[in-house]
Amino acid sequence: MTKAMPRELTRQQYLDLYYYMRLNRTVEETMVKLFRQNKIVGGLYSSLGQEAISVGSCYALDKKDWIAPMIRNIGALLVKGVPPRDIFMQHMAKYDSPTKGRDGTSHFGDLDNLHIVSPISMLGDLIPVMAGVAIGGRYLGQKIVTMTWIGDGGSSTGVFHEGLNFAATQKAPFVLILENNLWAYSTPVRRQVPLENLADRARAYGIDSYIVDGNNVVAVYNTAREAVERARAGEGPILIEAKTFRRLGHAQHDPAEYVPKEMRAYWEARDPIALYEKFLTAEKLLDAAGKKEIDERLDTLLTAEREFAENSPMPPPEFAEGGIYCTGDDCHKIRAKWERAIAEVTPPKSSVKPVWTVPGFGSGKGSGGAGAPIHFGDTPAPAIMEKAGENGRRAKPAKTTGKNATKKAMKAAAGASRKARR
Amino acid sequence: MAGGNGAPTNGSATGGTQITFLEAIRQAMFEEMERDPTVLLIGEDVGVYGGAFKTSEGLLERFGWERVIDTPISESAIVGAACGMSYLGLRPICEMQFIDFIVCAFNQITNFVAKGHYLWNAPAPMVIRGPSGGGVHGGPFHSANPEMYFVHTPGLKVIYPSTPYDAKGLLKAAVRDNNPVLFFEHKFLYRRIKGDVPAEDYTVPIGKAVVRREGQHLTILSYAAMMHSSLEAADGLAKEGIEAEVIDLRTLLPLDEQTIVNSVKKTNKCLVVHEDTKTGGIAGEIAAILFEKAFQDLDGPLVRVTALDTPVPYAPTLEEYFLPNARKVFTAAKELARY
Ligand SMILES: Cc1ncc(C[n+]2csc(CCOP(=O)(O)OP(=O)(O)O)c2C)c(N)n1
Ligand SMILES: [Mg+2]
């Protein structure tokens, strides 16, 4: 686990972070109103109290980088440049929405300009996909970083493991933000994961991780920016655990009565926007006039965006048909944007010897040193060698493994190999 | 098999040659990667080892580590990552070491890959391929024919060829297609079937069936390994004066309804042979299509010769009983012809 170095932000950056958090919250407040007026077709999720994570992490990316938001990452979409009307129309299933009514919520993307991959509902699925975008981008020489988010709950899916492990083996330039908001629907994190810090999951993949206060937007930004820079420099994927709290129910239908009152009160006192306003005021970056200006700006923008969304028609029924295949004429144009010499990946330059090289083999660094209970054969293990020489047979491998334990382990292994027929 | 630099033995200078089904697949990948640097191969043991069945032998040697990617045993990650790559305009080919393991990536394929274009205009030009099918005593987990799970998934294309010519031409077409294509390779055919392939570049169109043998007494529809059993049965039937029209479906999604309906309108009888289990197999879908589009033309029941509705059993005696074969096709066809 690493701690991010503090860094200086420009005045504009400080104010951007504030603006996007406010925009994030106001967009969601507007949608609650729409929901209460029955104008939202499906469910409505909220990121109340978690805005600092979506905004701070996405703000750490460059324009060319790729994101895949989850349902509570409206803030990331806004930072990327998605207009609020698109978010409103998605929820209202309007014909002018990015998916033209074929999907809802934040399930939409933009391959060409904003570099957003649409999520699907199945938690964790974005992780290998964004690893693939990262690997693909590296292959094309684009120097991009990819980012997605996952919940404390979603971090227990199989595909989280498969995706992160694969990303790690490939050293993919990929940053994963784990939003630990303490709840997965009605299940508290203690019932999901037997770990104090979910960042510890990173150790299983040999990748670095950070823990950050998810309600402190500057801390989130700093940490994410450092992770993004390191990933871009080729250090491989990085996991960031942002500690926070889901202030509302799982979605609008859920009053979340299972959440202890004290817990809610504790976190309500740590509202990320209120905390940040205090900071900005103390640093003389924001005053009452500046705040009022932003209030008005948001009001004007969202009134117009909402009006546009409400005026958009529902899709015509027959639009349900078609669009299953990309025929080449009517859809996204598929082309790779090369930013390296193609000759590097085509023969003869691409030609290699099809053999594994095992770096460090024989150096004694490969398998936990001579003290490891089992050796890969790449460790000199002097003690073993000496004893073997003395007795003319194998000595017991290490202190930690008693005679019986070794025997047991060997037996178990033999049994297992008998069972494993193929 | 592979030359010094991994080039296929069927070089452009030698003209058309007889090659195995397996070599056809290898050549298709090799030539597509040669032609287009956006084509990559990703899967378990596809690189240094050249694939469990050696379908990618020589590819790493020629195209290098970035284009031939050995992965951990993570089918969801393979498919997910390939999908992500495809969003950048790359055209990855995923190998499932055995097609049985494709269901480990079922969610990625059916929810992520298949729905992307319909929902958000995101085509995923990728191929998922691997060895399938029984008859080699692979047992219940190395003999699967899982094609129908995916035929039931809008957004995918599903190919299951029976000849080296088609395997090569269809795999090339799959790589060039803008949509996710599942490509099933019947492993019984890998080294048992040889056929001519032209020296020059060619593709076989996806979604087109082919008439392998003309006849007027009944239509036999089949694909993959059962295609060969059906042709063998048709030879036997001919000796008894029954001329069967044998059609190779080749692509199961989208299905070539026109060729099927045209033939049945001519012969008025239809037998479907597949190695997949009976319930929910493509024969049921074909029956429905014929009832919709050729009901008046049918002079007999639609007959199915398929595997049993059980897992694929291991013992040779059991597996032989489980699978359809030329004799079973012959018997059923003869009865139908007499109907
Ligand atoms: C694979 C999968 N299983 C179940 C669900 C249903 N589901 C949607 S959100 C959710 C809880 C998610 O909790 P968490 O990952 O902590 O995210 P949070 O809602 O707290 O942001 C569940 C169970 C799903 N979307 N995907
Ligand atoms: Mg949660």
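**Figure 1. Arg338(B) in helix α12 of chain B.** In this predicted model, Arg338(B) sits in helix α12, which covers residues 326–338 of chain B. Helices here are DSSP runs of H or I with at least four residues, strands are runs of E with at least two, and both are numbered from the N terminus. With a relative accessible area of 63%, Arg338(B) is exposed; the word exposed stands for over 50%, buried for under 20%, and partly exposed for values in between, with a 1.4 Å probe and protein chains only. Leaving aside neighbours within four places in sequence, Arg338(B) is in contact with Glu240(B) and Lys269(B), where contact means heavy atoms within 4.5 Å. For a sense of distance, look across to Gly58(B): Arg338(B) and Gly58(B) are 280 residues apart in sequence and 52 Å apart in space, C-alpha to C-alpha.

Some notes for all the views: residues are numbered from 1 along each chain as its sequence is written, and chains are lettered from A and ligands numbered from 1 in the order in which they are written. In this predicted model local features need pLDDT of at least 70, side-chain atom pairs count only at pLDDT 80 or more, and totals for chains, interfaces and linings use all residues, while side-chain values use heavy atoms, with hydrogens and water left out.

**Figure 2. The interface of chain B and chain A.** Here 55 residues of chain B are in contact with 61 residues of chain A. The area buried between the two chains is about 4800 Å², and carbon and sulfur atoms give 66% of that. Buried area is the accessible area (1.4 Å probe) that two parts lose on being put together, summed over both. On the side of chain B, Leu88(B), Tyr118(B) and Trp120(B) lose the most area to chain A, together 17% of what that side buries.

Figure 3. Which side chains meet in a salt bridge here? They are those of Glu66(B) and Arg340(A), at 2.9 Å from N to O. Polar contacts come to 21 residue pairs between chain B and chain A, both residues at pLDDT 80 or more. Such a contact is a pair of N or O atoms within 3.5 Å; within protein, one must be able to donate a hydrogen and the other to accept it, and residues adjacent in sequence count only if both atoms are side-chain atoms. The elements of chain B that give two or more residues to the side touching chain A are β2 (39–43), α2 (59–63), β3 (68–70), α3 (75–86), α4 and α5 (116–120). Of these, α3(B) gives the most, with 7 residues.

**Figure 4. Helix α4 of chain B.** This helix, residues 106–113, is mostly covered, as 6 of its 8 residues are buried. The buried ones are Gln108(B), Ile109(B), Thr110(B), Asn111(B), Phe112(B) and Val113(B).

**Figure 5. Glu277(A) in helix α9 of chain A.** Is Glu277(A) buried or exposed? Glu277(A) counts as buried because its relative accessible area is 17%. The residue belongs to helix α9, residues 272–282 of chain A. Not counting residues up to four places away in sequence, Glu277(A) touches Tyr18(A), Arg22(A), Leu286(A) and Lys291(A).

**Figure 6. Two residues of chain A with positive phi.** Ala93(A) has a positive phi of about 60° although it is not a glycine. It lies in the loop between α4 (84–92) and α5 (126–139) of chain A, and at 15% relative accessibility Ala93(A) is buried. Lys143(A), also not a glycine, has a positive phi near 55°. The loop that holds Lys143(A) runs between α5 and β2 (146–151) of chain A, and at 60% relative accessibility Lys143(A) is exposed.

Figure 7. The bond from Pro347(A) to Pro348(A) is cis, with omega near 5°, and Pro348(A) is in the loop between α10 and α11 of chain A. In chain B, a cis peptide bond joins Leu253(B) and Pro254(B), with omega about -5°. Pro254(B) is placed in the loop between β12 (251–253) and α9 (257–267) of chain B.

Key. Salt bridge = Lys/Arg side-chain N within 4 Å of Asp/Glu carboxyl O.
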